[in-house]
Amino acid sequence: MTDRRKVIKTLGLSPALLLAPQWPEPKNFLEPQFRYCLNTSTIRGKNPGILKYIEIASRAGYDGIELWVGDIIAYLKDGNSTDTLRKHIDAHHLTVENAIGFAPWMAEDEVKQKAGFAQMKQEMEILAELGCRRIAAPGIGATAPVDLFRAGESYRRLLDLGRSTGVIPQLEFWGAFAPFHHLGQALMVAAVANDPDTRLLPDVYHLFRGGSGFDGLKMLNGSLIEIFHLNDYPGDVPREKQEDKDRVYPGEGVGPLRQILRDLHHMGGQKVLSLELFNPGYWEQDPQTVAETGLKKMKEQVRLAMKN
């Protein structure tokens, strides 16, 4: 021991420094790994149509777009093809990052759940043809109180279906949806599923509205979140009375967006920040202006979060 201490002293090193793990400094640690996406709910007020949604998002400068399955189905029912739609998307240099669907996969009734899985399979196959590899999986069909063990088993089967189609379901909870409204419930379902492909789809508004708060994000591994719905909420409406229509541009409400963005950054992994709003006031405005304003405000919040 004496000889060892002499060597340490000769080298000018303290025992504490020698014993501490020497992790390499991360490269570009302060550089945010974010992509920017437009959820078409944000500009759907004037109903420009799916082709216009894509054009607006591209002109505004987004990296990707989040489509609604219902809009895709309507486009196909008009006699169009997924090949034509994909060419339009590619021509506008966008990625379909995710799609919003409402299949009742979490229904406790076996007949309804079977129909929900069949609907999911059909929608996943369509999305795969568009190059989309994710689909939202909210707790449609669930009734309170939810059997979270059963829901976890169902989600594991849904992930199996996702792997077979190449489109992974993103487990989503809604703050105002009593059966499945809390981050804790989603984490329980994820733990029961016990599957490495589990993914969560959180949302600023839903985390607030459902009472989850935001510090729970610090507990999550970066691979668990690929898509994050970015928005804000006002401070003059009680939490329990807030609705989707109350959402506002990032930075125009009272949400702790800088903390949220820092936590998303520090957990690791690339993240898609998708602007999802349902504000009637924005719907009355020019959709191009709304899309551009939303992107500008998202980037400003990221800049401020990385600065502090």
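The legends below accompany close-up views of a predicted model.

**View 1. Overall architecture of the predicted protein, with 12 helices and 7 strands.** The secondary structure of the model comprises 12 helices together with 7 strands, and 50% of the 308 residues of the protein count as buried. Among the contacts with a separation of 6 or more, 79% are accounted for by residues 24 or more positions apart. The accessible surface of the protein amounts to about 14700 Å², and 53% of this surface belongs to carbon and sulfur atoms.

**View 2. The largest pocket, with about 210 Å³ of space.** The space in this pocket comes to about 210 Å³, and of the 15 residues that line the pocket, those closest to its centre are Trp174, His206, Asp244, Arg247 and Phe278. When the lining of the largest pocket is sorted by class, 8 residues are nonpolar, 2 are polar and 5 are charged.

**View 3. The largest cavity and the residues that line it.** The structure holds 1 cavity of 30 Å³ or more, and the volume of the largest cavity is about 40 Å³. Its lining is made up of Met106, Glu108, Gln113, Val146, Asp147, Arg150, Ala151 and Ser154. Helix α7, which spans residues 148–165, provides the largest share of this lining, with 3 residues. Sorted by class, the lining of the largest cavity has 3 nonpolar, 2 polar and 3 charged residues.

**View 4. Asn221 in the loop between α9 and β6.** Asn221 is found in the loop that runs between helix α9 (204–209) and strand β6 (227–230). Asn221 counts as exposed because its relative accessible area is 52%, and the cut-off for an exposed residue is over 50%. Within this view, the side chain of Asn221 is joined to the side chain of Ser223 by a polar contact of 2.8 Å.

**View 5. Asn221 and Gly269, 48 residues apart along the chain.**

Key:
Residues are numbered from 1 along each chain as its sequence is written. This is a predicted model: local features need pLDDT of at least 70, side-chain atom pairs count only at pLDDT 80 or more; totals for chains, interfaces and linings use all residues. Side-chain values use heavy atoms; hydrogens and water are left out. On a 1 Å grid over the protein atoms alone, a cavity is a set of points where a 1.4 Å probe fits but cannot get out, and a pocket is an open set with protein on both sides within 12 Å along at least five of seven lines; lining residues have an atom within 4 Å of a point. Grid points are joined across faces, edges and corners, and a volume is the space filled by probe spheres set on the points. Helices (H or I, at least four residues) and strands (E, at least two) are DSSP runs, numbered from the N terminus. Ala, Val, Leu, Ile, Met, Phe, Trp, Tyr, Cys and Pro count as nonpolar, Asp, Glu, Lys and Arg as charged, and the others, Gly among them, as polar. Buried means under 20% relative accessible area, exposed over 50%, partly exposed in between (1.4 Å probe, protein chains only). Contact means heavy atoms within 4.5 Å. Accessible areas come from the Shrake-Rupley method with a 1.4 Å probe; for residues, only the protein chains shown count as cover. A polar contact is a pair of N or O atoms within 3.5 Å; within protein, one must be able to donate a hydrogen and the other to accept it, and residues adjacent in sequence count only if both atoms are side-chain atoms.
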